[in-house]
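Have the sequence and the model open side by side. This report walks through selected local features.

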Amino acid sequence: MTDLALSYAHGASDQPMLGDTIGIQFDRTVARWGDRIGLIVHQQGIKWTWAELAEHVDAFAAGLVAIGLQPGDRIGIWSPNNAEWIITQFATAKAGLILVNINPAYRLSEVEYALNKVGCKALVTATQFKTSDYIGMINTLAPELAISHPGELHSARLPMLKAVIQIGGDASGTFAFEKVAHHGREIHHQRLRELAPLLQFDDPINIQFTSGTTGQPKGATLTHHNILNNGYFIGEVLNYTELDAVCVPVPMYHCFGMVIGVLACVTHGSAIVFPGEGFDPLATLQAVSEYRCTSLYGVPTMFIAELDHPQFRKFDMTSLRTGVMAGAPCPIEVMRRAIRDMHLTEMTICYGMTETSPVSTQTRIGDSIEQQVSTVGRAHPHVEIKIIDADGRIVPRGVKGEFCTRGYSVMQGYWGDSDKTAEAIDDAGWMHTGDLATMDADGYCAIVGRIKDMVIRGGENVYPREIEEFLYTHPAILDVQVFGVPDQRFGEELCAWIKVRSGEDLTEDDVKAFCKDQIAHYKVPRYIKFVEDFPMTVTGKMQKYLMRARMTEELGFN
């Protein structure tokens with residue numbers, strides 16, 4: 001490798017990509033490993049073989065056809081982790097429907113925007129979870145539901161939504177999830193069999209919302225080919241087989257659960273294990289021990305919570321060998337403890353984004369611990385990566401620049417937003433991530449910063465502009481700037497500097513009350529400071545780095 005080597009790499013592979021739809025791949029898995037355990041859901045007492053899971057999937061898929069959903073229709077899912085999530089994921093793929101992942105933490109304004117942005121015709125929703133009353137929120141947005149016949153909703157605020165399918169209940173105007181399967185008759189099962197060869201792997205199959213500097217979330221539109229292959233190659237890197245059991249405490253609405261979790265398993269016959277509806281360190285430890293999991297996923301804060309749990313030593317972790325840590329930089333001591341105390345000798349780090357299905361780089365089994373914690377690995381199979389300067393030229397190795405990626409994993413685009421798509425994906429097909437990175441002589445990349453003003457709070461990507469635009473709707477707020485400050489637990493926390501309108505009174509509690517139930521809890525600023533002005537350049541550009549520095553000093557993090 002010469003000093004002039006450029007920061008470009010290609011994940012050359014002799015392993016061919018999968019050329020199937022998710023439905024066809026699911027059927028192949030069932031045919032090959034039907035009698036093996038495919039899904040374990042601890043909190044529901046479920047332990048299904050792949051064949052048993054397939055019965056639920058096929059029945060629900062036929063029910064979706066029976067209630068009038070057509071290929072290409074969008075169907076939202078708003079729920080924590082459960083068996084119904086998995087059933088819906090595969091049933092919608094078989095029916096040619098586009099599954100729209102809705103964050104379980106979303107509140108009224110966010111779910112209204114998401115459903116309308118992509119025109120969801122149906123919504124699968126949990127009844128409630130933690131402080132979220134999903135059915136209550138849907139009835140607030142669509143009070144017409146209570147007097148509607150199931151499947152015949154006509155809502156002023158949600159004009160495209162026709163059917164609400166409720167997990168664990170049957171409120172007025174909704175279909176009960178378990179009863180939808182009973183709607184399917186042989187004619188609907190026959191329709192599914194006819195659909196299978198007509199669906200193409202380049203068809204869009206999933207929309208996942210990712211915020212941006214424009215404020216409102218964008219719907220990253222992913223195909224069968226995108227996410228099925230990404231899941232497959234993640235499983236290949238991790239050496240998955242039908243003998244593995246993968247503990248998935250990360251949320252299904254995110255690519256981490258849905259792709260790195262479920263699709264890596266289904267392509268290898270590995271068992272999917274849900275320890276609970278949401279992350280709980282004790283439940284995760286119990287699941288690993290009870291079901292002899294061989295792989296464990298999480299963001300670094302999850303592993304810290306598990307390792308520091310007072311009952312950690314009570315559980316047998318010796319079945320573990322591998323897993324994925326992603327979503328935030330991994331402290332070296334956390335990785336050392338995961339290897340030593342959790343037996344995760346084959347742990348890997350993944351890097352990517354929703355728009356790239358998600359993984360672009362991954363460390364490999366056998367990499368040094370320094371590579372594990374100081375890099376995000378090297379190019380994934382069949383994926384190209386490069387690092388460029390502000391003029392779009394590839395920089396030499398070791399030089400900082402923007403990380404870009406190209407290949408099968410790049411999304412089709414943002415739903416209904418060609419302008420934003422063109423900003424993200426250039427004419428040559430490169431996805432511009434907005435992350436600053438370096439590449440070493442061996443092709444290993446390190447993420448060293450962010451061009452965009454994104455905050456990563458406990459693995460959740462939070463975009464300040466979205467929160468700013470929401471806070472601007474408060475009548476007493478004249479101006480607001482939101483940014484991240486260091487936090488020992490979450491990596492970063494949100495801080496809002498607010499300028500109040502003349503003659504108005506506003507307190508920190510007022511701001512937090514205004515946010516409650518309107519935006520997700522992790523988007524509510526932890527720190528609020530009232531200011532008279534903001535540091536700006538002579539041209540009037542906000543200098544958030546100065547705000548961040550001042551606030552970091554005030555909070556005593558220096």
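Where is Pro 358 found? Pro 358 is in the loop between β15 (346–352) and β16 (359–362). This is a predicted model, so every value below is computed from predicted coordinates.

**Backbone features in loops**

Ser 357 and Pro 358 are joined by a cis peptide bond, with omega at about 0°. Ser 357 sits in the loop between β15 and β16 as well. Its phi is positive, about 75°, although Ser 357 is not a glycine. Is Ser 357 buried or exposed? Its relative accessible area is 0%, so Ser 357 is buried.

His 382 also has a positive phi, near 65°, and is a residue other than glycine. The loop between β17 (378–379) and β18 (383–388) holds His 382. His 382 counts as partly exposed because its relative accessibility is 22%, and the cut-off for buried is under 20%.

Pro 331 lies in another loop, between β14 (322–325) and α12 (332–341). With a relative accessible area of 38%, Pro 331 is partly exposed. Which residues does Pro 331 touch, not counting residues up to four places away in sequence? They are Pro 300 and Val 373. Pro 331 and Val 373 are 42 residues apart in sequence, yet their C-alpha atoms are 6.6 Å apart in space.

**The eight-stranded sheet**

Now turn to the open sheet of eight strands. Its order is β8-β7-β6-β4-β5-β9-β10-β20, and its pairing is mixed. The edge strands are β8 (175–176) and β20 (413–414), each of which pairs on one side only.

Strand β4 (residues 74–78) stands between β6 and β5 in that order. How many of the residues of β4 are buried? Five of its five residues are buried, and the strand is mostly covered. Both faces are covered. Arg 74, Gly 76 and Trp 78 are buried on one side. Ile 75 and Ile 77 are buried on the other.

| Strand pair | Sense | Bridges |
|---|---|---|
| β4 and β5 (residues 98–102) | parallel | five |
| β4 and β6 (residues 120–126) | parallel | five |
| β10 (residues 218–223) and β20 | antiparallel | two |
| β19 (residues 401–407) and β21 | antiparallel | four |

In β5, Asn 101 stands opposite Ile 77. From β4 the chain crosses through α3 to β5, and this β-α-β crossover is right-handed. On the β6 side, Gly 76 has Leu 123 as its bridge partner.

**Strand β21**

Strand β21 (residues 431–439) is largely enclosed by the rest of the structure, because eight of its nine residues are buried. Gly 401 has Ala 437 in β21 as its bridge partner.

**Cys 247 and its surroundings**

Cys 247 belongs to strand β11 (residues 245–247). Its relative accessibility is 0%, so Cys 247 counts as buried. What is Cys 247 in contact with, leaving aside its neighbours within four places in sequence? The contacts are Val 273, Pro 275, Thr 284, Ala 287, Val 288, Cys 293, Ser 295, Leu 296 and Tyr 297. Take Pro 275 from that list.

**The cavity**

Rolling a probe the size of a water molecule over the atoms shows where empty space is left. The structure holds one cavity of 30 Å³ or more. The largest cavity contains about 30 Å³ of space.

Which residues line the largest cavity? The lining is made of Ile 22, Gln 89, Thr 92, Ala 93, Leu 97, Leu 99, Ile 205, Ile 227 and Met 258. By class, seven are nonpolar, two are polar and none is charged. Helix α3 (residues 83–95) gives the most to this lining, with three residues. The β4-to-β5 crossover described above also runs through α3.

Key:
Residues numbered from 1 in each chain as written. Predicted model: local features only at pLDDT ≥ 70, side-chain atom pairs only at ≥ 80, totals over all residues. Heavy atoms only, no water. Buried < 20%, exposed > 50% of the residue type's maximum accessible area, 1.4 Å probe, protein only. Contact = heavy atoms within 4.5 Å. 1 Å grid on protein atoms, 1.4 Å probe; cavity = no way out; pocket = protein on both sides within 12 Å on 5 of 7 lines; lining within 4 Å. Points joined across faces, edges and corners; volume = space filled by probe spheres on them. Nonpolar A, V, L, I, M, F, W, Y, C, P; charged D, E, K, R; others polar. Pairing = 2+ DSSP bridges. Right-handed = clockwise from strand over helix to strand, strands pointing away.
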